[in-house]
Amino acid sequence: MYFTPPLARLIEEFQKFPGVGPKSAQRMAFFVLNMSAEDVGKFAGVVVEAKDKVKHCGKCFHLSADDPCEICSNTKRDSSMICVVADSRDVIALEKTREYRGFYHVLSGLISPLEGRGPEQLRIRELINRAHNDGAQEVILAINPTIEGDATVLYISSFLKPLSIKVTRIAFGLPMGSDLEYADEITLTRAMEGRREV
């Protein structure tokens, strides 16, 4: 199918999004073309603003326009607990439950030798230093139950246990290989309540 070059390029850009195939990319491209020039300008401005202003928190590495982020700067949260997650989407999923009141630490991925990602590419060193220096009593590993997730859990717990820090992993009422961001609030609440020591 032939598309004029500017439209073809727009479709190609939308196809770069995860889970977006050729048909979805075409629908999005045509939707944008049918928007008013003012709305397209607003949309482009929002994308540029988000890319420019949203960075990683210097303490927990969650995405935020503030440093420290809104969670790290909240003095009402429980400083004795740090919940470790793979990325910011997991923080958002857990926050939706309104059950967890401690702090977070975002690893920015999981150990995956097949993808060339080892512990040194993650924020594990920062987690260990933070847990030790901040006097954390419990580190909760809210990591997906996958091969990469299990490897990451074992690696982290091997460094934290000698520091006499309680290390737990949330219980999962989720199928093996599923992601936290797609779980409903009730499932995540039960998983947090049913966490166990590693």
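**Close-up views of a predicted model**

**Figure 1. Strand β3 is largely enclosed by the rest of the structure, because 6 of its 8 residues are buried.** The model shown here and in the other views is predicted. Strand β3 covers residues 78-85. In the protein chain as a whole, buried residues make up 40% of the 198 residues.

**Figure 2. Strands β3 and β4 run parallel and are joined by 5 bridges.** Within this pair, Cys83 stands opposite Tyr104, a residue of β4. Strand β4 spans residues 102-106 and is an edge strand of the sheet, so named because it pairs on one side only.

**Figure 3. An open sheet is built from 5 strands.** The strands follow the order β4-β3-β5-β6-β7, and their pairing is mixed. At the edges lie β4 and β7, each of which pairs on one side only. Strand β7 consists of residues 196-197.

**Figure 4. Helices α5 and α6 cross at roughly 35°.** Helix α5 is formed by residues 124-133, and its axis comes within 10 Å of the axis of α6. The crossing is right-handed. On the α5 side, the contact is made by Ile124, Leu127, Ile128 and Ala131. Tyr155, Ile156, Phe159 and Leu160 make it on the α6 side. Sorted by class, the contact has 8 nonpolar residues, with no polar and no charged ones.

**Figure 5. The protein chain contains 7 helices and 7 strands.** Starting at the N terminus, the elements come in the order α-α-α-β-β-β-α-β-α-β-α-β-α-β. The C-alpha trace spans about 65 × 35 × 35 Å along its principal axes. Among contacts with a separation of 6 or more, 57% are between residues 24 or more positions apart.

**Figure 6. Confidence in the protein chain is lowest in β7 and highest in β4.** The mean pLDDT is 74 for β7 and 98 for β4. For the protein chain, the mean is 92, and 97% of the residues reach 70 or more.

Notes. Residues are numbered from 1 along each chain as its sequence is written. This is a predicted model: local features need pLDDT of at least 70, side-chain atom pairs count only at pLDDT 80 or more; totals for chains, interfaces and linings use all residues. Side-chain values use heavy atoms; hydrogens and water are left out. Two strands pair if DSSP finds at least two bridges between them. Helices (H or I, at least four residues) and strands (E, at least two) are DSSP runs, numbered from the N terminus. pLDDT is the predictor's confidence in each residue, from 0 to 100. Axes are lines fitted to C-alpha atoms, for helices over the stretch in contact, and angles run from 0 to 180 degrees between N-to-C directions. A crossing is left-handed if the near helix is turned anticlockwise from the far one by less than a right angle, and right-handed if clockwise. Contact means heavy atoms within 4.5 Å. Ala, Val, Leu, Ile, Met, Phe, Trp, Tyr, Cys and Pro count as nonpolar, Asp, Glu, Lys and Arg as charged, and the others, Gly among them, as polar. Buried means under 20% relative accessible area, exposed over 50%, partly exposed in between (1.4 Å probe, protein chains only).
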